[in-house]
Amino acid sequence: ATEGKDEASAAENNPPQGPQGKPGERSSVFYSAGQFFFEYLVVVSLRSVPDGRYEPKITYQFPKRENLLKGQKEEEERLLKAIPLFCFPDGNNWAPVTEFTSETFSFVLTNVDGSRKIGYCRRLLPSGRGVRLPEVFCIISCLGCFGLFSKILDEVEKRRQISMAVIYPFMQGLRESPFPAPGKTVTIKSFIPESGTELIELTRPVDAHLEHVEFQALLQRLSPRLILQIFASAVLERRLIFLAEELSVLSQCIHAVAALLYPFTWAHTYIPVVPECLLDTVCCPTPFMVGIQMRHLERVLEQPMEEVLNPGGGQLDGAVGDEEEILPGKLQNEMLMSLNRHNNNNNVHTSEQVNALVSEAFVHFFVQAIGHYGSHIKWGRSGSGSFQERAFCKAIASKSCRRFVKKFVKTNMFSLFIEEAEKSRIPQEGNG
């Protein structure tokens, strides 16, 4: 995804392809990615180095892997080198403290085949007295479900205040439990000293594509008009830098913008929180969607960047200037009305309701603009299809909509979507 000279760049460019190993530490059965809740739980702590600074290091890993093949071992090593950099993306400006507000955020590692691993992080101050350094509990999973993993991290943090030893049986129980289907619940039994056995219920949202999303975070920080301008830029696969100081805000807002593209998928460089050592990512001439902490703004502005959209401080910096004209006017106004309505009712709806309502507005936009694509796929006798782009565009009556679609069909996300559509039909007798 990015280029660089250090291990961090190598890890982001060529991260693991989904290490395989033993579920737990007792079974010899190999697992495939996605079958279990998570692949690893690691603890990343700050360790002093000779020059007086602190560097993040993995100090705990569950499960440990044994009997890995050579390729699997190399994949695991790349993953474990990358994790600390993303758990402490702020750099080395740390000092022991007596108080620290725990924060939840996530990062994404993109494999060379386009698949992604998600790191769910809880940064907290270990219990104790006197000054001490924060540490990060990071769960690595192929499954996108921020709310569910946030609840798991709540349980991990609660146990951390008692003892590290109490975390292991909980994570072991989680690892041996099946990941629930959308809308379903799994119950984990966990014993806590002096509290007894607890039953922890973990429920997945009904809509799988909204599992990693918190649209309220976006609506609380950016105006509906600004959100639409960002969406328009993302749809045309432009370069986007998000700025905030809090890691949780960066990761929530970028995941939300990416989710607005559903049923399409952002297929380019995607780093919700960029580690300090990867800040030269903003020099990439290719599309990217990245989050930068505000403390790094000056250094980022010194980089030789092409046109980059930077939604910060309630306005757009580095805008091309056509952001309000990209989307068809009528459809844009419909989405604006919908966002304003949900924004005004923010305290009335639950988080899940806001997610569903906002997503519905953007899905409706795509249905209105390109929903007729299926009737412009020419099917052969073998069942393979061929998309008729010219006829598809000509079939659009609205000039502004046709102008937008002619640009949109040239994007990578549309091409990937159509490639899948061309493969999806089952041959039927009597049809061409």
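The chat below goes through the sheets, helices and cavities of one predicted model.

Trainee: What should I keep in mind about the source of this model?
Mentor: It is a predicted model, in which local features need pLDDT of at least 70 and side-chain atom pairs count only at pLDDT 80 or more, while totals for chains, interfaces and linings use all residues. Residues are numbered from 1 along each chain as its sequence is written, and side-chain values use heavy atoms, with hydrogens and water left out.

Trainee: OK, the five-stranded sheet then: what is the strand order, and is the pairing parallel or antiparallel?
Mentor: The sheet is open, with the order 2-1-5-4-3 and antiparallel pairing; strands are DSSP runs (E, at least two residues; helices are H or I, at least four), numbered from the N terminus, and two strands pair if DSSP finds at least two bridges between them. Strand 2 and strand 3 are at the edges with a single partner strand each, so one side of each has no neighbour in the sheet. From one strand to the next the twist averages 25°, where axes are lines fitted to C-alpha atoms, for helices over the stretch in contact, and angles run from 0 to 180 degrees between N-to-C directions.

Trainee: Which helices pack on that one?
Mentor: Helix 2 (residues 70–87) lies across strand 1, strand 2, strand 3, strand 4 and strand 5, at about 140° to strand 3. Helix 4 (residues 164–175) touches strand 1, strand 2 and strand 5, and its direction makes about 55° with that of strand 2; contact means heavy atoms within 4.5 Å.

Trainee: And strand 3, is it buried or exposed?
Mentor: All eight of the eight residues in strand 3 (residues 103–110) are buried, that is, under 20% relative accessible area, against over 50% for exposed and in between for partly exposed (1.4 Å probe, protein chains only). Both faces are covered, with Glu 103, Phe 105, Phe 107 and Leu 109 on one side and Thr 104, Ser 106, Val 108 and Thr 110 on the other. Strand 3 pairs with strand 4 (residues 116–124) over eight antiparallel bridges, and Val 108 has Ile 118 as its bridge partner there.

Trainee: Why is strand 1 largely enclosed?
Mentor: Strand 1 (residues 40–48) has seven of its nine residues buried, so it is largely enclosed by the rest of the structure. Val 44 has Val 136 as its bridge partner in strand 5, whereas Arg 47 stands opposite Glu 55 in strand 2.

Trainee: Switching topic, how many strands are in the parallel sheet?
Mentor: Three strands form that open sheet, in the order 8-10-9. Strand 9 is joined to strand 10 (residues 288–293) by three bridges, with Ile 271 opposite Val 290.

Trainee: Which residues line the largest cavity?
Mentor: Phe 146, His 212, Val 213, Glu 214, Gln 252 and His 255, where lining residues have an atom within 4 Å of a point.

Terms used. On a 1 Å grid over the protein atoms alone, a cavity is a set of points where a 1.4 Å probe fits but cannot get out, and a pocket is an open set with protein on both sides within 12 Å along at least five of seven lines; lining residues have an atom within 4 Å of a point.
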